[in-house]
Amino acid sequence: MEMNVLVVDDDEIIIRSCEAVLSAEGFKVTGVTSSKDAMALIDERVFDLVITDLIMPTIDGFELIKWINENHQYTRVIAMTGYSSKAVLRDAIALDIVDFLPKPFFPHTLTEAVKKAVSTPPKVPMPTQDVETYDKGKLKAILQKYKKRPGALIMVLQEAQELIGYLPASVQKIIAKTMKIPVSEVHAVVSFYSYFTMKPMGKYNVRVCQGTACYVKRADEILAKLKDTMGINEGEITHDSLFSLETVRCIGACGLAPVVLVGTDTFGGVDPTKANEILKDYH
Ligand code: FES
């Protein structure tokens, strides 16, 4: 499978050199000369690896790496710099990068570092789908259907999330532009409703109700059992991207408490000791 590598350096010669070396090894390389452009691209596409210079004007490489760690934890990072003092090295390593390349470096040093980096498992699983691969025609059709209907934002967001699996910032921007409303308004709605998510989800999103009616019927034990079975915590995705796990506050089915949702399926009266059995039929 072709690996996507983003090279960020304010020196175009470095970008071209990395492109030449890594393209010859079968990597798909994209280069940008600023952290700002890098952030915009990383919001739009999934990159297996980012190689970034540390010392750059406006937003430096340290800030870029912090932003990646907060927003795209699955992205591996190699830092490079011509100012490789002990302090710089220490600060870069503290940001949990996979490797550090002092400039200038030999082509084979770059190739070896990149091959090693992409064989390192990402901190969280890579998203199964990103804004490059979803059906843009279908999103356009959803927007065409609703764009002249006032108050249709929630319906647009619901259908967009069903199509893509989540609502990344780039999709929120497209929706805001087409619906002629501020991005901040779209973002506020996405953040307010727990149904919407800005993070990639597993094929089946498992939601465990922790509302009062469910909690008094041992919903906390159900959550613990499911965490243990899946080997993940809330907000995470299993390594095969089959399941993601979330908690919710009352889904309005208190008569069925305790309740677990797997995708669109509802399970009521769940026995905490057998909660793991719910997942058996999902592949
Ligand atoms: S508290 Fe769980 S459904 Fe209401």
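In what order do the 5 strands of the open sheet with parallel pairing come? I started my notebook with that one. The order is E2-E1-E3-E4-E5. A reminder to myself before going on: this is a predicted model.

**Entry 1: the layout**

I looked up the domains next. The protein is split into domain 1, covering 4-118, domain 2, covering 136-192, and domain 3, covering 204-281. I also checked how far domain 1 sits from domain 3, and their centres, taken over C-alpha atoms, are 39 Å apart. I then went through the three domains in turn.

**Entry 2: the sheet with E1 to E5**

Back to the 5 strands, which form an open sheet with parallel pairing. I wanted the edges, and they are strand E2 (28-32) and strand E5 (99-102), each of which pairs on one side only. From one strand to the next, the twist averages 20°.

I picked one pair to follow in detail. Strand E4 (residues 76-81) pairs with E5 in the parallel sense, over 4 bridges. Met-80 is the residue I clicked on, and Leu-101 in E5 stands opposite Met-80. Then I turned to what lies on the sheet: H3 packs there and touches strand E1 (4-8), strand E3 (49-53) and E4. The direction of H3 makes about 155° with that of E3.

**Entry 3: H2 against H3**

Having H3 on screen, I looked for its helix partner. The axes of helix H2 (residues 35-44) and helix H3 (residues 61-71) come within 10 Å and cross at roughly 15°. Angles under 35 degrees count as roughly parallel, so H2 is roughly parallel to H3. H2 passes H3 in a right-handed crossing.

Which residues of H2 and H3 meet? From H2 I noted Ser-35, Ala-38, Met-39, Ile-42 and Asp-43, and from H3 Leu-64, Trp-67 and Ile-68. By type, the residues of this H2 and H3 contact come out as 6 nonpolar, 1 polar and 1 charged.

Thr-58 has a phi near 65°, a positive value in a residue other than glycine. I found Thr-58 in the loop between E3 and H3.

Then the cis prolines. The peptide bond from Lys-103 to Pro-104 is cis, with omega near -5°. Pro-104 is in the loop between E5 and helix H5 (107-118). Another cis peptide bond runs from Ala-257 to Pro-258, with omega near -5°. Pro-258 belongs to the loop between E7 and E8.

At what angle do helix H6 (residues 136-146) and helix H7 (residues 153-164) pack? I got about 165°, with the axes 10 Å apart. Angles over 145 degrees count as roughly antiparallel, and H6 and H7 are therefore roughly antiparallel to each other. Their crossing is right-handed. On the H6 side the contact is made by Lys-138, Leu-139, Ile-142, Leu-143, Lys-145 and Tyr-146, and on the H7 side by Met-155, Val-156, Glu-159, Ala-160 and Leu-163. The tally for the contact of H6 with H7 is 8 nonpolar, no polar and 3 charged.

I then moved on to helix H8 (residues 169-179) and helix H9 (residues 183-192), which pack at about 125° with their axes 8 Å apart. That angle makes H8 oblique to H9. H8 passes H9 in a right-handed crossing. Gln-172, Lys-173 and Ala-176 in H8 meet Val-183, Val-186, His-187 and Val-190 in H9. I sorted the residues of the H8 and H9 contact into 4 nonpolar, 2 polar and 1 charged.

**Entry 4: the sheet with E6 to E9**

Last stop was the open sheet of 4 strands, in the order E7-E6-E8-E9, where the pairing is mixed. Its edge strands are strand E7 (243-248) and strand E9 (265-267), each pairing on one side only. Neighbouring strands of this sheet are turned by 20° against each other on average, direction ignored.

Here I followed strand E6 (residues 204-209), which pairs with E7 in the parallel sense over 6 bridges. I marked Val-206, which stands opposite Leu-245 in E7. Which helix lies across E6, E7 and strand E8 (260-262)? I found helix H11 (residues 219-230) there, running at about 155° to E6.

Methods: Residues numbered from 1 in each chain as written. Predicted model: local features only at pLDDT ≥ 70, side-chain atom pairs only at ≥ 80, totals over all residues. Heavy atoms only, no water. Domains from an automatic or database assignment. Axes fitted to C-alpha atoms, helices over the stretch in contact; angles between N-to-C directions. Helix = DSSP H or I, 4+ residues; strand = E, 2+ residues; numbered from the N terminus. Parallel < 35°, antiparallel > 145°, perpendicular 65-115°, else oblique. Left-handed = near helix turned anticlockwise from the far one by under 90°. Contact = heavy atoms within 4.5 Å. Nonpolar A, V, L, I, M, F, W, Y, C, P; charged D, E, K, R; others polar. Pairing = 2+ DSSP bridges.
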